[in-house]
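Reader: Could we go through this one together, starting with the pockets?

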Amino acid sequence: MKCDSEMYKRNRWVIGNWKMNSSLVANATLLEAIVAARDESSGVGASRVAVCAPFPYLTQLQRTLGGTAIAYGAQDVSEHTSGAYTGQVSAAMLGEFGATIVLVGHSERRLYNAETSALVAAKAAAAVAAGLTPVICVGETLAERESGLAEATVARQLAPCAALMASSPKNIVIAYEPVWAIGTGKTASPAEAQAMHAFIRSELAKLSAAAADISVLYGGSVKAANARELFSQSDIDGGLIGGASLIAEDFLAIVSAA
Ligand code: PEP
(Lines give C-alpha, C1' and ligand atoms only; values in the text may rest on other atoms or scores of the structure.)
Protein backbone atom coordinates (compact mmCIF):
# COMPACT_ATOMS: atom_id res chain seq x y z
CA MET A 1 0.00 0.00 0.00
CA LYS A 2 1.12 3.57 -0.60
CA CYS A 3 2.17 5.68 2.36
CA ASP A 4 0.50 9.08 2.74
CA SER A 5 3.51 11.07 1.55
CA GLU A 6 3.56 9.12 -1.72
CA MET A 7 -0.20 9.53 -2.17
CA TYR A 8 -0.08 13.28 -1.87
CA LYS A 9 2.91 13.72 -4.13
CA ARG A 10 1.08 12.22 -7.11
CA ASN A 11 -2.57 12.79 -7.83
CA ARG A 12 -4.80 9.74 -7.93
CA TRP A 13 -7.16 9.74 -10.87
CA VAL A 14 -10.06 7.73 -12.21
CA ILE A 15 -10.81 8.80 -15.78
CA GLY A 16 -13.65 7.45 -17.91
CA ASN A 17 -13.09 7.07 -21.64
CA TRP A 18 -16.50 6.84 -23.28
CA LYS A 19 -14.95 6.21 -26.71
CA MET A 20 -17.55 6.66 -29.50
CA ASN A 21 -20.45 5.57 -27.29
CA SER A 22 -23.54 6.99 -25.64
CA SER A 23 -26.13 9.63 -26.55
CA LEU A 24 -27.44 12.86 -25.04
CA VAL A 25 -30.13 10.96 -23.16
CA ALA A 26 -27.85 8.19 -21.90
CA ASN A 27 -25.18 10.74 -20.90
CA ALA A 28 -27.72 12.68 -18.83
CA THR A 29 -28.65 9.61 -16.78
CA LEU A 30 -25.01 8.57 -16.33
CA LEU A 31 -23.79 12.04 -15.36
CA GLU A 32 -26.63 12.63 -12.94
CA ALA A 33 -25.73 9.46 -11.04
CA ILE A 34 -22.01 10.25 -11.00
CA VAL A 35 -22.52 13.84 -9.84
CA ALA A 36 -24.91 12.80 -7.07
CA ALA A 37 -22.51 10.18 -5.72
CA ARG A 38 -19.43 12.32 -6.16
CA ASP A 39 -20.84 15.33 -4.33
CA GLU A 40 -21.19 13.17 -1.24
CA SER A 41 -17.74 11.60 -1.37
CA SER A 42 -15.35 14.23 -2.74
CA GLY A 43 -13.07 16.02 -0.35
CA VAL A 44 -9.49 16.36 0.74
CA GLY A 45 -7.45 13.37 -0.38
CA ALA A 46 -10.19 12.11 -2.70
CA SER A 47 -9.18 10.90 -6.16
CA ARG A 48 -9.64 13.19 -9.09
CA VAL A 49 -12.47 11.95 -11.27
CA ALA A 50 -12.94 12.85 -14.93
CA VAL A 51 -14.77 11.75 -18.05
CA CYS A 52 -13.54 12.03 -21.65
CA ALA A 53 -16.38 12.21 -24.14
CA PRO A 54 -16.84 12.63 -27.90
CA PHE A 55 -16.49 16.29 -28.96
CA PRO A 56 -20.21 16.98 -29.59
CA TYR A 57 -21.03 16.26 -25.95
CA LEU A 58 -18.75 18.96 -24.52
CA THR A 59 -21.57 21.47 -24.10
CA GLN A 60 -23.57 18.88 -22.20
CA LEU A 61 -20.57 18.15 -19.97
CA GLN A 62 -20.04 21.86 -19.39
CA ARG A 63 -23.69 22.32 -18.41
CA THR A 64 -23.82 19.22 -16.20
CA LEU A 65 -20.36 19.09 -14.67
CA GLY A 66 -19.40 22.78 -14.54
CA GLY A 67 -18.91 23.71 -10.87
CA THR A 68 -18.82 20.08 -9.68
CA ALA A 69 -15.83 18.05 -8.48
CA ILE A 70 -15.76 16.10 -11.75
CA ALA A 71 -13.41 17.16 -14.51
CA TYR A 72 -14.04 16.47 -18.16
CA GLY A 73 -12.39 16.55 -21.51
CA ALA A 74 -11.99 15.01 -24.93
CA GLN A 75 -10.38 11.92 -26.42
CA ASP A 76 -8.11 13.65 -28.92
CA VAL A 77 -6.79 17.11 -29.78
CA SER A 78 -4.98 18.70 -32.71
CA GLU A 79 -1.26 19.36 -32.49
CA HIS A 80 -1.98 22.68 -34.28
CA THR A 81 -3.30 25.86 -32.69
CA SER A 82 -5.50 26.96 -35.64
CA GLY A 83 -5.67 26.98 -39.41
CA ALA A 84 -6.62 24.84 -42.39
CA TYR A 85 -6.95 21.51 -40.58
CA THR A 86 -10.41 20.30 -41.53
CA GLY A 87 -11.97 18.06 -38.92
CA GLN A 88 -9.49 18.85 -36.19
CA VAL A 89 -10.19 20.50 -32.83
CA SER A 90 -7.63 22.66 -31.03
CA ALA A 91 -6.76 22.56 -27.35
CA ALA A 92 -7.90 26.17 -26.94
CA MET A 93 -11.33 25.21 -28.32
CA LEU A 94 -11.59 22.44 -25.74
CA GLY A 95 -10.69 24.95 -23.06
CA GLU A 96 -13.51 27.24 -24.20
CA PHE A 97 -15.93 24.49 -23.20
CA GLY A 98 -14.35 24.12 -19.76
CA ALA A 99 -12.41 20.96 -20.61
CA THR A 100 -9.32 20.51 -18.47
CA ILE A 101 -8.01 17.14 -19.65
CA VAL A 102 -7.59 15.33 -22.96
CA LEU A 103 -6.49 11.83 -23.94
CA VAL A 104 -3.64 11.64 -26.44
CA GLY A 105 -2.18 8.59 -28.13
CA HIS A 106 -4.91 6.14 -27.16
CA SER A 107 -4.03 2.81 -28.81
CA GLU A 108 -7.21 3.01 -30.93
CA ARG A 109 -5.96 6.28 -32.41
CA ARG A 110 -2.46 4.90 -32.89
CA LEU A 111 -4.03 1.91 -34.68
CA TYR A 112 -6.92 3.40 -36.69
CA ASN A 113 -5.45 6.86 -37.31
CA ALA A 114 -1.80 5.88 -37.69
CA GLU A 115 -0.72 8.24 -34.93
CA THR A 116 2.99 8.07 -34.25
CA SER A 117 4.63 8.72 -30.89
CA ALA A 118 6.09 11.96 -32.29
CA LEU A 119 2.59 13.16 -33.22
CA VAL A 120 1.27 12.12 -29.81
CA ALA A 121 4.04 14.16 -28.14
CA ALA A 122 3.12 17.19 -30.30
CA LYS A 123 -0.53 16.82 -29.28
CA ALA A 124 0.45 16.56 -25.61
CA ALA A 125 2.57 19.71 -25.93
CA ALA A 126 -0.31 21.58 -27.60
CA ALA A 127 -2.60 20.54 -24.76
CA VAL A 128 -0.17 21.73 -22.07
CA ALA A 129 0.39 25.02 -23.91
CA ALA A 130 -3.37 25.66 -23.75
CA GLY A 131 -3.57 24.81 -20.05
CA LEU A 132 -5.00 21.30 -20.41
CA THR A 133 -3.66 18.12 -18.82
CA PRO A 134 -2.88 15.53 -21.50
CA VAL A 135 -3.27 11.89 -20.52
CA ILE A 136 -0.55 10.28 -22.63
CA CYS A 137 -1.49 6.67 -23.40
CA VAL A 138 1.19 4.04 -23.98
CA GLY A 139 1.15 0.27 -24.14
CA GLU A 140 2.36 -2.76 -26.04
CA THR A 141 0.47 -5.18 -28.27
CA LEU A 142 0.21 -8.88 -27.45
CA ALA A 143 2.76 -9.69 -30.16
CA GLU A 144 5.21 -7.20 -28.65
CA ARG A 145 4.72 -8.65 -25.17
CA GLU A 146 5.15 -12.20 -26.40
CA SER A 147 8.35 -11.21 -28.21
CA GLY A 148 9.78 -9.71 -25.01
CA LEU A 149 9.43 -6.19 -26.43
CA ALA A 150 6.88 -4.74 -24.00
CA GLU A 151 9.30 -2.48 -22.14
CA ALA A 152 11.16 -1.39 -25.28
CA THR A 153 7.85 -0.46 -26.92
CA VAL A 154 6.68 1.63 -23.99
CA ALA A 155 10.08 3.33 -23.66
CA ARG A 156 9.97 4.20 -27.39
CA GLN A 157 6.45 5.65 -27.01
CA LEU A 158 7.46 7.79 -24.01
CA ALA A 159 10.73 9.12 -25.43
CA PRO A 160 9.33 11.88 -27.69
CA CYS A 161 7.58 13.38 -24.64
CA ALA A 162 10.91 13.89 -22.83
CA ALA A 163 10.99 17.67 -23.28
CA LEU A 164 7.43 18.01 -22.02
CA MET A 165 8.10 15.78 -19.04
CA ALA A 166 11.11 17.84 -18.14
CA SER A 167 9.31 21.19 -18.49
CA SER A 168 5.81 20.36 -17.22
CA PRO A 169 5.84 17.19 -15.10
CA LYS A 170 2.94 18.38 -12.94
CA ASN A 171 0.74 19.03 -15.98
CA ILE A 172 0.80 15.60 -17.54
CA VAL A 173 -0.55 12.15 -16.72
CA ILE A 174 0.63 8.85 -18.21
CA ALA A 175 -1.77 5.94 -18.79
CA TYR A 176 -0.27 2.49 -19.29
CA GLU A 177 -2.78 0.50 -21.32
CA PRO A 178 -1.58 -2.85 -22.67
CA VAL A 179 -3.34 -3.10 -26.02
CA TRP A 180 -4.17 -6.76 -25.40
CA ALA A 181 -6.16 -5.80 -22.29
CA ILE A 182 -8.29 -3.01 -23.80
CA GLY A 183 -11.91 -4.01 -24.26
CA THR A 184 -10.93 -7.69 -24.25
CA GLY A 185 -11.88 -8.62 -20.70
CA LYS A 186 -8.25 -9.66 -20.17
CA THR A 187 -6.57 -7.60 -17.46
CA ALA A 188 -2.89 -7.44 -16.70
CA SER A 189 -2.42 -9.11 -13.33
CA PRO A 190 -1.65 -6.65 -10.53
CA ALA A 191 1.94 -7.96 -10.52
CA GLU A 192 2.30 -7.57 -14.32
CA ALA A 193 0.83 -4.07 -14.20
CA GLN A 194 2.99 -3.06 -11.23
CA ALA A 195 6.13 -4.34 -12.98
CA MET A 196 5.43 -2.21 -16.04
CA HIS A 197 4.50 0.81 -13.94
CA ALA A 198 7.78 0.50 -12.03
CA PHE A 199 9.58 0.35 -15.38
CA ILE A 200 7.69 3.43 -16.62
CA ARG A 201 8.59 5.28 -13.45
CA SER A 202 12.27 4.43 -13.98
CA GLU A 203 12.02 5.66 -17.60
CA LEU A 204 10.32 8.87 -16.44
CA ALA A 205 13.13 9.40 -13.95
CA LYS A 206 15.57 9.42 -16.90
CA LEU A 207 13.44 12.00 -18.71
CA SER A 208 12.40 14.33 -15.91
CA ALA A 209 13.89 15.41 -12.57
CA ALA A 210 10.33 15.65 -11.24
CA ALA A 211 9.28 12.18 -12.40
CA ALA A 212 8.06 11.33 -8.93
CA ASP A 213 5.25 13.88 -9.41
CA ILE A 214 3.85 12.28 -12.58
CA SER A 215 0.76 10.14 -12.06
CA VAL A 216 0.80 6.83 -13.96
CA LEU A 217 -2.62 5.22 -14.42
CA TYR A 218 -3.44 1.68 -15.49
CA GLY A 219 -6.06 0.96 -18.15
CA GLY A 220 -7.32 -2.25 -19.70
CA SER A 221 -10.51 -4.03 -18.63
CA VAL A 222 -10.55 -2.44 -15.18
CA LYS A 223 -13.74 -3.41 -13.35
CA ALA A 224 -15.15 -3.03 -9.88
CA ALA A 225 -13.93 -6.56 -9.12
CA ASN A 226 -10.25 -5.98 -9.96
CA ALA A 227 -9.83 -2.23 -9.37
CA ARG A 228 -8.92 -2.33 -5.70
CA GLU A 229 -6.04 -4.76 -6.11
CA LEU A 230 -4.69 -2.98 -9.18
CA PHE A 231 -4.88 0.44 -7.54
CA SER A 232 -3.17 -0.77 -4.36
CA GLN A 233 0.07 -1.45 -6.27
CA SER A 234 2.71 1.05 -5.25
CA ASP A 235 3.30 2.56 -8.71
CA ILE A 236 -0.33 2.60 -9.93
CA ASP A 237 -2.02 5.95 -9.33
CA GLY A 238 -5.52 5.11 -10.52
CA GLY A 239 -7.13 4.05 -13.77
CA LEU A 240 -8.28 4.95 -17.25
CA ILE A 241 -11.58 3.14 -17.66
CA GLY A 242 -13.29 2.32 -20.95
CA GLY A 243 -16.32 0.02 -20.99
CA ALA A 244 -17.02 0.20 -17.26
CA SER A 245 -17.17 4.01 -17.35
CA LEU A 246 -20.46 3.84 -19.27
CA ILE A 247 -22.31 2.23 -16.35
CA ALA A 248 -22.68 4.55 -13.37
CA GLU A 249 -22.71 1.80 -10.75
CA ASP A 250 -19.53 0.21 -12.16
CA PHE A 251 -17.70 3.47 -12.64
CA LEU A 252 -18.56 4.65 -9.13
CA ALA A 253 -17.42 1.34 -7.63
CA ILE A 254 -14.07 1.83 -9.40
CA VAL A 255 -13.89 5.41 -8.09
CA SER A 256 -14.48 4.05 -4.57
CA ALA A 257 -11.69 1.52 -5.07
CA ALA A 258 -9.26 4.36 -5.82
C1 PEP B 1 -9.75 2.35 -22.74
O2 PEP B 1 -10.44 2.48 -23.72
O3 PEP B 1 -8.93 3.22 -22.45
C4 PEP B 1 -9.93 1.15 -21.91
C5 PEP B 1 -9.08 0.93 -20.93
O6 PEP B 1 -10.98 0.32 -22.24
P7 PEP B 1 -11.56 -0.90 -21.37
O8 PEP B 1 -11.60 -0.45 -19.93
O9 PEP B 1 -12.91 -1.17 -21.93
O10 PEP B 1 -10.61 -2.05 -21.55
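Reader: Which helix gives the largest share of the lining of the largest pocket?
Author: That share, three residues, comes from helix α5, residues 107-112, where helices are DSSP runs of H or I with at least four residues and strands are runs of E with at least two, numbered from the N terminus. This is a predicted model in which local features need pLDDT of at least 70 and side-chain atom pairs count only at pLDDT 80 or more, while totals for chains, interfaces and linings use all residues. Residues are numbered from 1 along each chain as its sequence is written, and side-chain values use heavy atoms, leaving out hydrogens and water.

Reader: What lies nearest the centre of the largest pocket?
Author: Of its 21 lining residues, Phe 55, Gln 75, Asp 76, Arg 109 and Asn 113 lie nearest the centre. A pocket here is an open set of points on a 1 Å grid over the protein atoms alone, where a 1.4 Å probe fits, with protein on both sides within 12 Å along at least five of seven lines, and lining residues have an atom within 4 Å of a point.

Reader: And how many residues does α5 give to the lining of the second largest pocket?
Author: Five, the largest share of that lining. The second largest pocket is lined by 17 residues, with Ser 107, Arg 110, Leu 111, Thr 141 and Val 179 nearest its centre.

Reader: Switching topic, which residues of α8 touch α10?
Author: Ala 150, Glu 151, Val 154, Ala 155 and Leu 158 of α8 make the contact (heavy atoms within 4.5 Å), and α10 contributes Met 196, Phe 199, Ile 200, Glu 203, Leu 204 and Leu 207.
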